[in-house]
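Visitor: I have a model open and would like to go through it piece by piece. Can you take my questions as they come?
Guide: Go ahead.

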Amino acid sequence: PCAISIFEGKIMNIERNSNSYDQYIERIERILTQDLMEAYPKADIQEVDAVWDSLDLVYERYGCQRFIFVFDEWDCIFREFRQNKEAQEKYLDFLRDLLKDKACIHLAYKTGILPIKKYGTHSALNMFDEYTMLYAGRLSPYIGFTEDEVRDICDRYGRDFSQVERWYDGYMLGDYHVYNPRAVVNYMLQGDLKSYWSETGSYDVIVPLINLDFDGLKTAIIQMLSGGEIKVNTGSFMNDTVSFKNKDDVLTYLVHLGYLGFDQKKSCAFIPNEEIRQDIENACRHKL
């Protein structure tokens with residue numbers, strides 16, 4: 001199969017209105033169509049053809065040629081343009097028309113923070129298998145460094161495993177304890193036990209969520225800072241950054257962001273390690 005990559009992170013450079021979003025989608029379709037016309041001239045693709053029709057033409061006329069799509073930061077629009085529901089729905093429709101029930105699609109692989117967005121009462125992209133920070137399934141040992149891998153790395157670099165465990169362990173995915181790979185690598189190279197998390201994204205992102213102050217939310221945060229666990233119902237979360245209705249929705253979102261760990265067997269959230277504990281504590285001290 002032929003691989004096609006679409007990096008949705010580029011959407012961050014677009015003006016925050018539906019017209020600009022329409023232009024962005026049109027640009028993606030135009031570039032893909034031009035690439036297909038050059039690579040598969042016998043398909044007789046026309047510039048006015050929808051890109052999914054062009055893919056079907058290639059499939060029919062080139063001996064069942066199939067395609068692999070790779071989307072990086074597929075969910076960027078739901079995080080960066082959280083209030084633009086019209087553009088979000090158009091985006092989901094575009095992905096559905098491009099990928100769903102297409103014989104020409106061999107595989108579509110998407111990475112992002114949020115699970116697939118719930119569209120009304122159903123998902124427009126319900127053909128995907130999802131692996132998340134709540135339920136990582138068979139991908140659990142591959143999402144971060146496992147304990148055995150970290151022990152091996154500590155031996156190579158002469159680092160104290162118990163310190164690495166205290167600072168960067170804590171995420172529970174299935175039967176695996178998973179470590180933050182970026183933090184582990186930075187500690188091995190630099191030798192400083194500190195929060196490398198806040199260097200990639202400010203903890204300020206969590207402050208407006210905590211300040212929503214749904215019933216018991218701040219109390220739950222304080223309880224987790226003290227080492228406790230909080231029961232969380234993850235079922236009502238709508239997989240976006242605006243449809244928060246209760247503290248469970250906020251806590252579920254923080255799990256997806258990586259600010260909280262989640263014990264699937266007990267359905268409990270907790271602060272996973274010292275790195276995250278310090279960031280959340282600083283947020284509570286300086287912003288709340």
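Visitor: Which ring does the charged end of arginine 151 sit over?
Guide: The ring of phenylalanine 161, with the charged end of arginine 151 at 4.0 Å from the ring centre. Bear in mind that this is a predicted model.

Visitor: And what about lysine 110, which ring face does it lie over?
Guide: Lysine 110 lies over the face of phenylalanine 128, and the distance to the ring centre is 4.4 Å.

Visitor: Rings with rings, then. How many aromatic pairs are there in the whole structure?
Guide: A search of the whole structure gives 15 aromatic pairs. One of them joins phenylalanine 69 and phenylalanine 71, which are stacked, with 6.0 Å centre to centre and 20° between the planes.

Visitor: Are those two buried or exposed, and why?
Guide: Phenylalanine 69 counts as buried because its relative accessibility is 1%. Phenylalanine 71 is at 0%, so it counts as buried too. The cut-off for buried is under 20%.

Visitor: What is the geometry of phenylalanine 78 and tyrosine 91?
Guide: That pair is tilted, because the planes are at 55° with the ring centres 6.1 Å apart.

Visitor: Why does that pair tie separate parts together?
Guide: Phenylalanine 78 belongs to helix 3 (residues 76-80) and tyrosine 91 to helix 4 (residues 85-99), so the pair links parts that are 13 residues apart in sequence. Both phenylalanine 78 and tyrosine 91 are buried.

Visitor: Which residues do ring pairs link into a cluster?
Guide: Trp167, Tyr168, Tyr187 and Tyr196 are linked into a cluster by ring pairs.

Visitor: Let's move to the core. Which residues touch the most other members of the largest nonpolar core?
Guide: Phe69, Leu254 and Ile280 do, in a core of 71 residues. Phe69 is also the partner of phenylalanine 71 in the stacked pair.

Visitor: Which helix gives the most to this core?
Guide: Helix 4, with seven residues. There is also a second, separate core of 13 residues, and its members include Tyr179, Ala183, Val184 and Met188.

Visitor: How much of the protein do buried residues make up?
Guide: Buried residues come to 47% of the 288 residues.

Visitor: How many helices and strands does the secondary structure come to?
Guide: Eleven helices and nine strands.

Visitor: What is the bridge partner of lysine 231 in strand 9?
Guide: Cysteine 268. Two bridges join strand 7 to strand 9 (residues 268-270).

Visitor: Last one, on contacts between residues at least 6 apart in sequence. How many of those join residues at least 24 apart?
Guide: The share is 65%.

Methods. Residues numbered from 1 in each chain as written. Predicted model: local features only at pLDDT ≥ 70, side-chain atom pairs only at ≥ 80, totals over all residues. Heavy atoms only, no water. Phe/Tyr/Trp six-rings, centres within 6.5 Å; stacked < 30°, edge-to-face > 60°. Buried < 20%, exposed > 50% of the residue type's maximum accessible area, 1.4 Å probe, protein only. Helix = DSSP H or I, 4+ residues; strand = E, 2+ residues; numbered from the N terminus. Lys NZ or Arg CZ within 6 Å of the ring centre and 35° of its normal. Contact = heavy atoms within 4.5 Å. Core = buried A, V, L, I, M, F, W, Y, C linked by side-chain atoms within 4.5 Å. Pairing = 2+ DSSP bridges.
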